[in-house]
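Subject: Structure for your review

Dear colleague,

Please find below the structure that I am handing over to you. My findings follow it, and I would be grateful if you read them with the structure open.

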Amino acid sequence: MHRRTLFGVAALAVAGTVAGCAESQRTTPTAGATGTGTAAGGSAVDTFIFAGSSDPVMLDPAMASDGETFRIARQIFEGLVSVAPGSTELVPLLATEWSSSDDGLSHTFKLKEGVTFHDGTAFNASAVEANFERWANWTGINQNENITYYYGKLFRGFKNPEDGNSVGIYDRCETSGDYEITVHLTAPFASFVDAMTLPAFSMQSPDAMKQYNADTTEGTVDDPRFSEYATAHPTGTGPFKFESWDRGQQVVLVRNDDYHGDVAKISKAVVRIIPDARARTQELQAGNIDGYDLVAPADVQVLKDAGFQVPNRPAFNILYLGINHNVNPALQDVRVRQAINHAIDKEAVISQSLPEGSVAAIEYMPDSVNGYNPDVTRYDYDPEKAKALLAEAGQSNLTLRFAYPTGVSRPYMPTPEDTFVAIRAQLEAVGITVEPVTARWSPDYLDLCQSDEGIDKRDVHFLGWTGDYNDPDNFVGVFFGQKSNEWGFDNPELFQALKDARQLATAAEQEARYAEINEMIATFVPGVPIAHPAPSLALGPGVQGYEPSPVQDEVWNTITVTH
């Protein structure tokens, strides 16, 4: 995801400051502890320690859009549905089954019985309704998408097909006894059930939210002050319960012994905050943590040679070279955009700068997403054709300001400078002069690529996206659904096609339409889809049961750790 995060976060601790706490957190399981085991050659410990790159913004997933909040939320909270380990296939969770009406306007869920929230509140249809009504009735700054991003993007502001007016698509909930609920919408949303896998739509205890004033967000949109609930009392149904948050240092979770599913094998999970990528690697090598995310490609073989596990998540993302159509007249010529595509050797970019397992992209979504079109117009690597197209367009001496971020590693862009070096050489080989433009990631680089102030400062740039759930609108709709500062083009036909496809009633209806849209995008050539990188995790040799997920839906109740 490359969405902007405007929330203020507490100052981050230097990695070395907290290095010493890890060992004291590791204990041997006490007699009778549930689910712990000992692998051959090691003794089991009851704590799994994972390094996060920053603090969570806060702990109420309905108000979050950042990966570090969601990593923790997935341990505490659960939604009506989930995805199967290692895939984006829907599976039951708090709902045992579901069905949707033919017109896409209602979705019925049968709920699991006998489930309680961590505070003892019963999970039932009334609790589900309370959560939907909460989302639909935000007031004050909670209505702003900077606070409630996902509800705002998916449920607000769509057009009523009957009168064209802008309305929210949530209508009401209808309960049938304690364990069946139907969610009624005002407009079709074919991926509604898939969207329920997002942590933002997790079920939270109505009693705890009321007790700790969950909806009381103070401050401003750019600098909010979240509630006591969101900072100290998050209450879900998941396999772990919240214990403590030492800002800038760690979040501690403890096993939920009353969990309705498979009770965690470890009794405690700790997310330590280590902002520096090198420090995360060193802490793993020292045995002070058990895992971390976003391994730099250069570290993969080093860690493997030392006996560490380096699994890849299945790629569910896109890295692209965005082309700014706003300012440079040359880039408004489709022949120049085609030439840039033909100049780039994607396989060489992958081998030089992206993780093993990454695949070249031909469009702006991975092939597992509904509506992927394997037959779109392609622009294979052909430097001679690139030169010919530039000459035909009168741009044989083209100069491009090429923006890329520094000091960041993203799942779709682990080493931006290395990727820039590879593509720069390829563009220069066809006669394009490249002028680098760099900025720190947030907020400077995102402002450079997406704000009014950045429009005239770059010609091409790197950005990307990790999909939230299996929905074509979550990829191409995000990028090309309307005119934006990032791309700058005005293509009413494409914008309307995306809006119409978004409101089709079923995924089956959407499939052919999105395949057509992907061809529209390919022939328009807004930029260059480069690759679907495979993000790498690093785990200690004694970690077992960690299931990498394409959408990072990784719940830790299956994990054991031996040392």
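A strand, labelled E, is a DSSP run of at least two residues, and strands are numbered from the N terminus. Please note that this is a predicted model.

With that term in hand, we may begin with one residue. Thr562 lies in strand E25, which covers residues 560-562. Is Thr562 buried or exposed? The relative accessible area of Thr562 is 13%, and buried means under 20%, so this residue is buried. Thr562 and Ala507 are 55 residues apart along the chain, and their C-alpha atoms are separated by 44 Å.

I turn next to a sheet. In which order do its strands lie? Six strands make up this open sheet, in the order E13-E14-E15-E2-E16-E23, with mixed pairing. Its edge strands, each pairing on one side only, are E13 and E23, the latter being residues 537-539. On average, neighbouring strands of the sheet are turned by 20 degrees against each other, direction ignored.

The pairing can be followed strand by strand from E13. Strand E13 (residues 240-246) and strand E14 (residues 250-255) are antiparallel and share six bridges. Within this pair, Phe242 stands opposite Leu253 of E14. The hairpin of E13 and E14 has three residues between the strands, and Gly248 there takes a positive phi near 80 degrees. Strand E14 is also antiparallel to strand E15 (residues 268-273), to which five bridges join it. Val251 has Val271 in E15 as its bridge partner.

A helix accompanies this sheet. Helix H3 (residues 67-76) packs on the sheet and touches E2 (47-52), E13, E14, E15 and E16 (291-293). The direction of H3 makes about 15 degrees with that of E14.

Finally, I describe a pair of helices. At what angle do H12 and H14 pack? Helix H12 (residues 346-353) and helix H14 (residues 416-429) pack at about 145 degrees, and their axes are 9 Å apart. The crossing of H12 past H14 is right-handed. On the H12 side, Ala348, Val349, Gln352 and Ser353 make the contact, while H14 contributes Asp418, Thr419, Ala422, Ile423 and Gln426. These contact residues comprise four nonpolar, four polar and one charged.

Yours sincerely,
A colleague

Terms used: Residues are numbered from 1 along each chain as its sequence is written. This is a predicted model: local features need pLDDT of at least 70, side-chain atom pairs count only at pLDDT 80 or more; totals for chains, interfaces and linings use all residues. Side-chain values use heavy atoms; hydrogens and water are left out. Axes are lines fitted to C-alpha atoms, for helices over the stretch in contact, and angles run from 0 to 180 degrees between N-to-C directions. Helices (H or I, at least four residues) and strands (E, at least two) are DSSP runs, numbered from the N terminus. A crossing is left-handed if the near helix is turned anticlockwise from the far one by less than a right angle, and right-handed if clockwise. Contact means heavy atoms within 4.5 Å. Ala, Val, Leu, Ile, Met, Phe, Trp, Tyr, Cys and Pro count as nonpolar, Asp, Glu, Lys and Arg as charged, and the others, Gly among them, as polar. Buried means under 20% relative accessible area, exposed over 50%, partly exposed in between (1.4 Å probe, protein chains only). Two strands pair if DSSP finds at least two bridges between them.
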